[in-house]
Amino acid sequence: MASTNLQDIPTPEPETPYRPRQPYRFSTQCATVDNPSLKDQYGSSSVPIYQSATFKGVNGQYDYSRSGNPTRSHLEHHLAKISSASHALVVSSGMAALDTILRILKPGDEVIAGDDLYGGTNRILAYLKTHGGVTVHHVDTTKPDSLLDYINPDKTAMVLLESPTNPLLKIVDLARIATHVKERAPNAVVVVDNTMMSPYLQRPLEHGADIVYDSGTKYLSGHHDLMAGVITCNRDDLNKQMAFVINAAGNALTPFDCFLLLRGTKTLAIRMDRQQTTAMLVAQMLDCLGFKVHYPGLINHPNRDVHDRIAHGYGAVLSFTTGDKALSERIVGATRLWGISVSFGCVNSLISMPCVMSHASIDPATRAERGLPEDLIRLCVGIEDPADLLDDLERALLEAGAITLTAGADSHQRFVRTIPSEGTAISRAVQKLAYNESMGYTTEREVEDREWFVSAPGKVILFGEHAVVHGVTAVAASVDLRCYGITTPRHDGKVSVHFVDIDGFTQEWEIDDLPWNAVTPVHVGDAHPDVLDSKLVDAITTRALSSEVLEKPSARQASVAFLYMYMIMAHGGRRPSFNFSVRATLPVGAGLGSSASFSACAATALLLLYSRIQLPAQPAPTTDNHLHTSHEGRRAIPPALAEEVNRWAFVSEKILHGNPSGVDNSVAVFGGALSYTRAGFSRKPGMVPIQGFKSLKFLLTDSRVPRNTKQLVAGVAALKEQEPDFVEGLLNAIQHISDEAQRLLADPELSREVLLTSLSALIDENHGYLVKLGVSHPSLEAIRSKTASPPYALSTKLTGAGGGGCAVTLVPDNLSDASLRELMGALSTISFVPYLTSVGGSGLGILSPYNQPQRLATPPETPRESEGADGPELLRDAFVGKATSEVSAWADSLGRWLFV
Ligand code: PLP
């Protein structure tokens with residue numbers, strides 16, 4: 001038994017008053033085995049092996065090796081020193097260590113343990129349950145609060161934790177749990193199995209644990225040439241109890257194994273540094289190929305922030321799934337350098353399948369219940385040359401059929417993950433997409449070589465602007481002024497954008513020069529995390545954007561959003577080379593949701609190119625050769641696809657706006673109209689589609705007066721502060737308008753005439769309140785008085801933030817075309833820009849890829865750019881050349897559009 005303190009090897013006194021010595025760092029402590037209270041009589045520089053069962057004499061320090069042995073004492077002293085512990089004990093294996101600890105328990109005690117523990121730990125706990133009268137609760141320790149229901153101050157005697165867990169690398173907040181336990185059951189002992197990290201990377205005693213144990217068989221030894229268990233603690237009483245058990249049961253580590261373990265420990269830090277650096281490379285390689293990888297070093301690993309708080313590195317164990325157990329078995333069997341073996345922590349790299357090896361002792365039902373995938377492969381990285389390890393793994397993946405070598409669209413050869421036939425629903429769907437011949441293409445390459453033409457509407461707020469900020473419900477609807485985007489294949493390893501209506505802005509990037517090392521990909525089927533990856537945003541902004549674009553805010557933000565999605569969606573080695581051209585038939589920056597419709601278009605185009613979404617297979621033609629998929633294309637795009645687009649459009653909106661409400665992108669994707677109430681107020685928050693919304697004709701007039709939304713919103717807030725009753729009254733009145741508008745718009749019984757008259761009245765009333773809130777503008781009042789003047793007598797209100805921007809005028813069905821033209825002319829002459837549009841129409845649209853006329857069928861028929869311009873006309877060429885006012889009609893003329 002070692003009883004020591006960290007001052008045993010004191011940091012030497014300063015040699016000069018000017019340069020004081022620092023305390024020794026970890027690797028120095030590891031390499032320095034020195035115990036002042038056990039000096040060797042000959043000054044041997046390596047601790048000798050006292051291979052002796054007995055010691056002569058009475059009252060000596062040692063008498064019998066079961067009770068104590070000098071080699072063991074040296075080792076225990078050394079281990080205590082590097083573990084921030086005052087006591088260390090060494091026994092014959094990791095399980096012997098746990099067994100020693102568990103003997104603290106008495107019948108009737110309760111243990112709370114994780115639900116993703118090492119298999120042997122489960123086995124011994126199960127034995128204790130049936131033979132020791134101890135109750136064991138397995139809980140999800142990754143959620144610290146899940147323990148609370150089980151902590152009983154009288155019964156909970158022990159809490160047993162592991163972090164990261166093995167083999168799923170789940171992170172447990174050891175510090176927080178220790179605090180919870182100490183507050184609620186002060187007598188309970190918090191025990192941590194630290195084998196996955198070793199004392200170099202994590203020292204749980206510093207975070208509130210009472211006892212820590214390690215399987216010394218792993219990193220501490222490092223060579224797989226011994227079995228050992230190490231127990232450390234700071235409490236004298238616990239140490240005494242466990243030392244008693246070791247002496248009584250006789251499971252202490254033998255002198256020869258103590259010698260080997262001491263020798264291994266000296267190189268712990270240097271081995272671990274190398275091993276975890278390579279582990280990160282392996283994790284990144286698998287991640288980039290599109291496998292689901294569990295490794296705390298990956299930026300999206302759940303609870304990574306917790307791990308960073310309690311540990312100093314990510315270790316050298318990782319695991320990944322392939323989607324197919326047989327495929328996993330083939331991969332494991334195909335490696336040469338990676339040895340098939342249980343265990344980890346050795347200088348040699350190992351590969352295994354936990355469900356058939358280390359965790360086979362857990363029955364299959366429990367494995368499934370605990371979410372342990374049968375196809376999981378665990379990799380334990382050693383110190384071999386990283387290039388050899390990556391090469392061997394890549395060859396095994398290739399030989400097993402998990403990846404194939406294909407030419408990318410840029411004709412560079414790269415590995416691409418093949419989707420197993422019996423994979424997840426998503427992987428099956430992706431595969432179906434790739435081979436869906438009815439779509440007219442058979443490979444991912446052909447998906448990338450097609451021109452995809454997409455569009456999405458802008459939005460207007462019909463009622464409730466400004467009031468929505470204070471918890472009132474707003475009504476928003478799509479406007480049929482749309483953003484359009486076309487992807488056109490390139491074959492030169494570049495990706496480019498052309499924002500025609502932002503001053504004709506263009507920029508192109510060499511794909512390989514993009515900052516790929518800053519990307520943590522979002523896997524197919526996974527949602528983008530709630531928070532943007534700021535590392536990637538920064539890398540794009542600082543390393544991919546030219547100084548010229550940095551000075552053009554709209555083009556800059558749109559480029560960042562596009563590149564962010566392009567890079568974070570990349571999977572399976574695919575990095576398509578293409579150009580994305582965008583047109584906007586709605587004014588940019590006028591409060592009509594132009595950014596959201598851009599976001600929806602960019603997200604859709606990228607999701608299609610990456611085969612992350614797929615249009616439904618073409619239905620069989622009926623006898624009259626007419627497609628009955630939907631009415632005028634409406635509802636031809638399935639809701640699940642629209643939702644996926646909406647999630648990504650929201651990500652793009654975050655880049656463009658920082659903190660969007662999600663209304664604009666929802667309208668851009670789903671079309672129609674919806675009501676929206678912010679969270680944090682008395683009304684039920686959320687977005688609710690207004691069913692049965694009838695498309696209405698509106699005149700949208702851009703005042704061309706720029707606004708400052710933030711300032712206008714702040715102005716209303718200030719007014720509310722000064723005159724709370726007055727503003728509260730206005731807000732209540734606006735809420736009534738929104739409620740009434742929702743009722744009117746959704747009422748199937750209401751005649752068109754009554755609907756229009758009632759809406760007109762609400763428009764005038766709402767505008768009146770907005771004037772009182774101080775957000776109108778002379779230009780908006782001029783538009784209002786023109787539209788209200790005889791013979792038009794139309795109702796107009798500002799829309800959006802006000803202070804300039806746009807006004808909306810409801811156009812009754814009976815207003816003649818001539819009058820309308822005249823009114824629009826009159827508005828134009830006072831330098832406003834009127835647009836006649838319908839509100840509440842279709843959402844996201846994709847030009848149908850089925851049965852396209854030959855002229856539009858892009859590669860394989862379309863020649864590469866180098867082949868000259870004699871081939872079929874590219875959509876893009878006509879698209880960028882059209883006048884803005886012609887784009888919509890031209891797009892409609894191209895063929896059938898599929899809408900949400
Ligand atoms: N704890 C963990 C996390 C392990 O992985 C292992 C062994 O694989 C043990 C404990 C048990 O250690 P030993 O095999 O030395 O008894």
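Residues are numbered from 1 along each chain as its sequence is written, and side-chain values use heavy atoms, with hydrogens and water left out. In this predicted model local features need pLDDT of at least 70 and side-chain atom pairs count only at pLDDT 80 or more, while totals for chains, interfaces and linings use all residues.

Reader: What is the volume of the largest pocket?
Author: A pocket is an open set of points on a 1 Å grid over the protein atoms alone, with protein on both sides within 12 Å along at least five of seven lines. A volume is the space filled by probe spheres set on the points, which are joined across faces, edges and corners. For the largest pocket that volume is about 1600 Å³.

Reader: Which residues lie nearest the centre of the largest pocket?
Author: Lining residues have an atom within 4 Å of a point. The largest pocket has 47 of them, and nearest its centre lie Lys459, Ser595, His657, Asp664 and Thr709.

Reader: Which element gives the most to the lining of the largest pocket?
Author: Helices (H or I, at least four residues) and strands (E, at least two) are DSSP runs, numbered from the N terminus. Several supply at least two lining residues each, among them strand E16 (452–463), helix H18 (553–569), helix H19 (594–609) and helix H21 (663–670). The top contribution is 4 residues, and it comes from H18.

Reader: Why is H19 oblique to H21?
Author: Their axes are lines fitted to C-alpha atoms over the stretch in contact, and angles run from 0 to 180 degrees between N-to-C directions. H19 and H21 pack with axes 8 Å apart, at about 55 degrees. Under 35 degrees counts as roughly parallel, over 145 as roughly antiparallel, 65 to 115 as roughly perpendicular, and the rest as oblique. The angle therefore makes H19 to H21 oblique.

Reader: Which residues in H21 does H19 meet?
Author: Contact means heavy atoms within 4.5 Å. From H19 come Ala596, Ser597 and Ala600; they meet H21 at Asp664, Asn665, Ala668 and Val669.

Reader: At what angle do H11 and H13 cross?
Author: Helix H11 spans residues 325–334, and helix H13 spans residues 386–400. Leu327, Arg330, Ile331 and Ala334 of H11 touch Ala396, Leu397, Glu399 and Ala400 of H13. The axes come within 8 Å, and the crossing angle is roughly 135 degrees.

Reader: How many residues does E7 give to the lining of the largest cavity?
Author: A cavity is a set of points where a 1.4 Å probe fits but cannot get out. The structure holds 5 cavities of 30 Å³ or more, and about 80 Å³ of space lies in the largest. Strands E7 (211–215) and E8 (229–233) each supply at least two residues of its lining. E7 gives the most, with 3 residues.

Reader: Where does proline 164 lie?
Author: The peptide bond from serine 163 to proline 164 is cis, with omega near -10 degrees. Most residues other than glycine have a negative phi, and most peptide bonds are trans. Proline 164 sits in the loop between strand E5 (156–162) and helix H5 (174–184).

Reader: What is the phi of serine 343?
Author: Serine 343 is in the loop between strand E11 (339–340) and strand E12 (350–352). Serine 343 is not a glycine, yet its phi is positive, about 75 degrees.
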